[in-house]
Amino acid sequence: MNDAPVIVHADDLYAGYLPGVDILNGCSMEVKEGELIGIIGPNGAGKSTFLKSLFGLVPIRSGTVMLGDEDITNVRADELVKRGIGFVPQTNNVFPSLTVLENLEMGAYQRPKSFRSQFERIGELFPKLVERKDQRAGSLSGGERQMVAMARALMMDPKVLLLDEPSAGLSPDRQDETFVRTREINRTGVTVIMVEQNARRCLQICDRGYVLDQGTTAYTASGQELLKDPKVIELYLGTLGA
Amino acid sequence: MTNRIDRRVLLRALIVLVVAAAAVTLLGALGSPAAASSTDAVAHATVAAGDATAGIAQADTAVHADAVTTEGDSGTNRYVQQLVNGIVFGLLLALASVGLSLIYGTTGLSNFAHGEQVSLGALLTFFFTTQQPVSVPFIPVEFTIGWPLIPSALAAIALAAGSGWLQDRFLWSPLRRRRVSIVQQMIVSIGLSLALLNFIQWWFGAERQRLTTSIDTRIDFGLFQVGQTTLWSVLISLLCLGGVAFFLLKTRTGRATRAVSDNPSLASASGIRVEKVVRLVWIMATGLAAVGGILLALYDNAAAFDVGARLLLLMFAAVTLGGLGQAFGALVGSLVIGIAVEMSTLWLGTDLKYAVALGILILVLLVRPQGILGRAERVG
């Protein structure tokens, strides 16, 4: 895995929502093709902001983001979708007044011709969604919405999938399901970068983790190493499973 | 639990409404000023109909006065007649306000300048169709165009739609890009509304302008009568509204428009070019407002520079009543408002008819805060 080429490279990012207020103060990350990366850190560390800045949703003031050898710093989200990045926001991640089918159609908006074949492929990963394809997404439960959101992001067959706290607000059962599914998606060859509150569960499934603190990437190591790291245990994992 | 409370509130509201209606009817029977003002208004309007500067409310009444005076010599029933008038007015109002709803849905903006788009449609048509010499602002040359009504209307609609493109390209889109808050944008729209209102008055004058000199022949349907032009207007508005529904439900761009209404940042994250969709919405909204304005001007016999400004509150009421941002909500809300406005003139003074519409808005919102078609979203 370590010989795989670098697919996403973020270098020394400074970014924030409001002019003059930086939330990221020098974040860097290197992701290799096919990796499953977990980003953990305390509340307010800038995890979500980091992910959003990669996806062009938060303006980057300095630093660069590369996708392969293309510079994608501050490229518009819809353009990034075309270039093979998918993004699943933490909240409001479905179109509530559209049906499940229409939600997925929006996912394949830029490739309408491939919609049918993609829908069949995604249907195998999420059979429940095929059953509910004519139901309005707004009437689905949190777990089902999360499925719609992931399926929507996969419709364009992305090379890289960004997940913003996919387990947030779900029951423990559903959380497990989400992590298993994320792993499955990753095994199909999609590089996954996920931000998680549930640090332990996240580190268990990911190849490598990044620890963010106060807007900077504090350190990185393999998921297993971070799980055993005394500092990480103390700060983010508590003592439960130590 | 909530349902039971809703029903209790609804019941109370209905009782209030019925008691109020009964009181007014009773007062009317006793010859109180409320009823007198109603008959006065009708008489007044008939006199004023020839007066070119008569206000819209008066001209409205003139139309209804027609309906009222024809009663008796034909078999028209005034309740049915007012219901039909209400449906007609509702459909035209829907046409004018569906764009307001689309813009609100996709951008979150309550566009106070939407009324002026309605006026613009009517008066640009007048500009092309009138036999009088006309001129363009800042160019001191007078000329006569005098086209027939239909090409004039089409040209007006095209220009109005172009004004939508222009506004979004040079005003709203830059404001959104600079992340100007929605309240600030709304204030800008109020300013734009006043500027456009004065501009239109300066260009076309304050008089009520007639789009056509021909007199509408009324067709007798037994219980009610409808003008021939009005029938055409109804047909056109049904076609336009059907077209909007088809666009939103059956086309890919239409579904993307609904997606942007639901969640613009997610739409963008799905690969939809939100700005492109919003630009299209502005063009459609202003074009439809112009169609609404033209048809309303034909329905009311004439239009003045402030026709849209007078309608704005009703349009907002219709859109809010139907469910903010719901395109079909605008249709339902407009029909309710249209019927309420016209039917209320049977019992209440004509001067009160817009107040009735807004009263209904308040009542509905007390019972169903999300509007008639608005959906309460499940959380979590």
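β1(A) pairs with strand β4 (residues 60-67) of chain A in the antiparallel sense, over 6 bridges. Two strands pair if DSSP finds at least two bridges between them. Helices (H or I, at least four residues) and strands (E, at least two) are DSSP runs, numbered from the N terminus. This is a predicted model, in which local features need pLDDT of at least 70, side-chain atom pairs count only at pLDDT 80 or more, and totals for chains, interfaces and linings use all residues. Residues are numbered from 1 along each chain as its sequence is written, while chains are lettered from A and ligands numbered from 1 in the order in which they are written.

**The four-stranded sheet of chain A**

- β1(A) and β4(A) belong to an open sheet of 4 strands, in the order β2-β1-β4-β5, with antiparallel pairing.
- β2 (24-32) and β5 (70-71) stand at the edges with a single partner strand each, so one side of each has no neighbour in the sheet.
- Strand β1 (residues 6-15) pairs with β2(A) in the antiparallel sense over 7 bridges.
- His9(A) has Glu30(A) in β2(A) as a bridge partner, and His9(A) also stands opposite Met66(A) in β4(A).
- β4(A) and β5(A) pair in the antiparallel sense over 2 bridges.
- Leu67(A) has Glu70(A) in β5(A) as its bridge partner.
- The hairpin of β4(A) and β5(A) has 2 residues between the strands, and Gly68(A) in this hairpin takes a positive phi near 60°.

**The six-stranded sheet of chain A**

- Another open sheet has 6 strands in the order β6-β7-β8-β3-β9-β10, with mixed pairing.
- Its edge strands are β6 (85-88) and β10 (216-222), and each pairs on one side only.
- Neighbouring strands of this sheet are turned by 15° against each other on average, direction ignored.
- β7 (residues 160-164) and β8 (residues 191-195) pair in the parallel sense over 5 bridges.
- Leu161(A) has Val192(A) in β8(A) as its bridge partner.
- Strands of a sheet pair through backbone hydrogen bonds, either parallel or antiparallel.

**Ser53(A), a buried residue**

- Ser53(A) is found in helix α1 (residues 47-54) of chain A.
- Ser53(A) is buried, because 27 other C-beta atoms lie within 10 Å.
- A residue is buried if 20 or more other C-beta atoms lie within 10 Å of its own, exposed if 12 or fewer, and partly exposed in between; C-beta atoms are placed from the backbone.
- Leaving aside neighbours within four places in sequence, Ser53(A) is in contact with Leu13(A), Ala15(A), Leu24(A), Val58(A) and Ile60(A).
- Two residues are in contact if their C-beta atoms, placed from the backbone, lie within 7 Å.

**Helix α3(A) and its partner in chain B**

- In helix α3 (residues 100-107) of chain A, 7 of the 8 residues are buried, so the helix is largely enclosed by the rest of the structure.
- The buried residues of α3(A) pack against α4 (115-125), α5 (127-131) and α6 (142-154) of chain A, together with α9 and α10 of chain B.
- α3(A) and α9(B) pack at an angle of about 100°, with their axes 10 Å apart.
- That makes α3(A) roughly perpendicular to α9(B).
- Axes are lines fitted to C-alpha atoms, for helices over the stretch in contact, and angles run from 0 to 180 degrees between N-to-C directions.
- Angles under 35 degrees count as roughly parallel, over 145 as roughly antiparallel, 65 to 115 as roughly perpendicular and the rest as oblique.
- Glu102(A), Glu105(A) and Met106(A) in α3(A) meet Arg255(B), Ala256(B) and Ala259(B) in α9(B).
- The residues of this contact divide into 3 nonpolar, no polar and 3 charged.
- Ala, Val, Leu, Ile, Met, Phe, Trp, Tyr, Cys and Pro count as nonpolar, Asp, Glu, Lys and Arg as charged, and the others, Gly among them, as polar.

**The whole interface**

- 27 residues of chain A are in contact with 20 residues of chain B.
- On the chain B side, α9 (252-262) and α10 (264-269) each supply at least two residues.
- α9(B) gives the most to that side, with 6 residues.
- The residues of that side divide into 6 nonpolar, 6 polar and 8 charged.

**Confidence**

- The predictor gives the complex an ipTM of 0.85 and a pTM of 0.81.
- Chain B has a mean pLDDT of 83, and 79% of its residues reach 70 or more.
- pLDDT is the predictor's confidence in each residue, from 0 to 100.
- Residues 1-5 of chain B stay under 50 in pLDDT, with 0 contacts beyond four places in sequence.
- Residues 28-72 of chain B are also below 50, but this stretch has 64 contacts in the model beyond near neighbours in sequence.
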